[in-house]
Amino acid sequence: MNFRTIPDDGQPLKVVLVGVGGMGQAWLRAIEGCPEVELVGLVDLNVAAAQAIADGLDRRVTVGADAVAVAAISGGQAVIDVTVPVAHHPVTTASLFAGLPVLGEKPVASTVAQGLSLAAASEITGELFMVSQSRRYNDQLWEFKEQIAAIGPAGVLTTEFFKAPHFGGFRDEMDHPLLLDMAVHQLDSARYLLGGDPISVYCEEYNPSWSWYRGDAGCTAIFEMAGGARYVFTGSWCSPGLETSWNGSWRASGEHGSALWNGDQAPEVEALGSTQPIAGARPLGDGIDGSLREFVHALRTGETPMGEVHENVYSLAMVEAAIESGRRRARVVLADVMTAALDTALETEAREDVSVVLKSWQASGGYRG
Ligand SMILES: NC(=O)c1ccc[n+]([C@@H]2O[C@H](COP(=O)([O-])OP(=O)(O)OC[C@H]3O[C@@H](n4cnc5c(N)ncnc54)[C@H](O)[C@@H]3O)[C@@H](O)[C@H]2O)c1
């Protein structure tokens with residue numbers, strides 16, 4: 001999608017940070033460490049929390065409870081949305097319609113239906129909405145992708161994710177803590193590594209008898225991906241001993257060899273014959289530093305960034321499809337999930353102009369991304 005650019009005038013991009021919770025503080029450090037952006041506003045429903053952080057800065061920034069109002073006062077040119085998932089849709093919608101591009105934390109929204117509404121809002125306003133999938137910004141992941149390309153089209157890609165964190169708080173009470181809060185990272189990385197979108201999934205979700213989570217903390221999902229490869233995610237969040245890295249442990253198998261990545265160290269490849277990976281580009285930074293810099297680069301140049309809303313909704317769609325498959329104990333086709341999400345988006349959309357775009361997608365046979 002073409003979006004409005006903000007040409008480089010030699011000045012840093014003025015940004016407003018929305019949400020000053022746990023992850024918001026990490027974003028504050030990323031913004032303060034990036035010379036290409038300047039923090040001009042801090043927003044949270046808990047204004048006192050935002051004010052306390054503002055008081056600790058070495059200069060004045062505008063503080064408030066509303067992103068659009070704070071941007072108007074402070075001259076903010078873009079919004080960085082690090083609120084809880086349920087707030088992603090209202091905060092991003094208001095910002096886009098106020099003429100502000102948005103860099104938002106994952107997931108794109110609470111549901112795929114809301115994600116489609118945001119894709120439509122981005123089209124109407126011409127403003128960029130990029131979702132930060134921070135685990136994509138990793139040199140080792142990019143090297144692993146090159147290795148996979150070198151061993152031929154992958155037949156199968158697997159992730160094992162086994163950890164035993166005691167978070168306390170909302171994750172312990174979620175219905176699908178592993179799939180919704182964690183596996184969305186790996187499923188998104190799988191889309192990146194294989195360079196294609198999912199076709200279908202079969203998934204079993206379960207909760208081990210010793211689990212300290214209310215919802216299902218274990219799952220195994222098999223995705224058929226475009227091009228025919230299978231992607232298998234298997235993991236548990238109550239699996240003490242010999243834990244994997246937070247990225248998970250990966251294997252890719254192709255016609256000309258195999259590649260392994262333990263998620264923490266350089267990946268390794270065993271390629272048959274003379275097939276060798278060719279080192280190409282690397283991300284602009286690590287984790288959220290990388291996604292922040294890619295967002296600025298996109299606004300300056302008009303180049304579509306990774307995580308642009310139209311393609312990112314497929315990562316959340318993989319999660320929703322896996323949950324649906326586990327519930328029905330049946331193979332679920334992603335196109336059906338997208339059709340149902342578009343129907344729901346139309347039923348629940350509050351804005352007439354967004355509904356018009358959603359209807360046009362429906363009339364042309366469905367969402368095409
Ligand atoms: N990329 C990663 O590795 C990673 C890690 C942790 C969290 N996250 C994501 O970051 C986001 C925030 O997570 P967190 O752990 O910081 O949550 P949190 O609950 O600690 O903080 C969220 C903050 O948002 C504020 N907020 C809620 N609704 C708001 C609204 N409408 N307007 C303004 N402020 C609002 C809350 O008051 C709170 O201060 C989530 O989307 C989460 O999935 C990503």
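Helices here are DSSP runs of H or I with at least four residues, strands are runs of E with at least two, and both are numbered from the N terminus. H11 spans 334-348, and strand E8 (198-206) also supplies at least two residues of that lining.

Before I go on, a word on what we are looking at. This is a predicted model, where local features need pLDDT of at least 70 and side-chain atom pairs count only at pLDDT 80 or more, while totals for chains, interfaces and linings use all residues. Residues are numbered from 1 along each chain as its sequence is written, and side-chain values use heavy atoms, with hydrogens and water left out.

Back to our pocket. The second largest pocket has a volume of about 260 Å³. Its lining is made of 16 residues, and Ala-335, Met-338, Thr-339, Tyr-367 and Arg-368 are the closest to its centre. Sorted by class, that lining holds nine nonpolar, four polar and three charged residues. For those classes, Ala, Val, Leu, Ile, Met, Phe, Trp, Tyr, Cys and Pro are nonpolar, Asp, Glu, Lys and Arg are charged, and the others, Gly among them, are polar.

How do we find a pocket? On a 1 Å grid over the protein atoms alone, a pocket is an open set of points with protein on both sides within 12 Å along at least five of seven lines; a cavity is a set where a 1.4 Å probe fits but cannot get out; and lining residues have an atom within 4 Å of a point. Points are joined across faces, edges and corners, and the volume is the space filled by probe spheres set on them.

Now, the largest pocket. Its volume is about 960 Å³. There are 40 lining residues, and the closest to the centre are Thr-83, Val-84, Pro-85, His-88 and Lys-106. Two or more lining residues come from each of helices H1 (22-32), H3 (67-74), H4 (85-97), H7 (170-173) and H8 (177-194). H4 gives the most, with six. By class, this lining has 24 nonpolar, nine polar and seven charged residues.

Where does the largest pocket lie? Domain 1 (13-135 + 287-310) and domain 2 (138-271) both give residues to its lining, so it lies between them. Those bounds come from an automatic or database domain assignment.

There is a cavity too. Searching the whole structure turns up one cavity of 30 Å³ or more, and the largest cavity has a volume of about 40 Å³. Arg-135, Leu-141, His-185, Gln-186, Ser-189, Asn-247, Trp-250 and Trp-261 line it.

Let's zoom out. The chain has 12 helices and 14 strands. Its radius of gyration, taken over C-alpha atoms, is 21 Å, close to the 21 Å that the globule rule gives for 369 residues, so the chain is as compact as a globular protein of that length. That rule is 2.2 Å times the number of residues to the power 0.38. Of the 369 residues, 54% count as buried, where buried means under 20% relative accessible area, exposed means over 50%, and partly exposed is in between, with a 1.4 Å probe and protein chains only.

What does the unreviewed UniProt entry say? It annotates residues 13-131 as "domain: Gfo/Idh/MocA-like oxidoreductase N-terminal", a span that is 46% helix and 23% strand. It also annotates residues 175-259 as "domain: GFO/IDH/MocA-like oxidoreductase", and there the chain is 21% helix and 39% strand. Positions follow the numbering used here, feature names are shortened, and annotations may be inferred rather than shown by experiment.

Finally, some backbone details. Most residues other than glycine have a negative phi, and most peptide bonds are trans. Lys-106 and Pro-107, however, are joined by a cis peptide bond, with omega about -10°. Pro-107 sits in the loop between strand E5 (102-105) and helix H5 (112-125).

Leu-242 has a positive phi of about 45°, and it is in the loop between strands E10 (230-236) and E11 (249-254). Is Leu-242 buried or exposed? At 87% relative accessibility, it counts as exposed. Arg-329 has a positive phi as well, near 50°, and counts as exposed at 57%.
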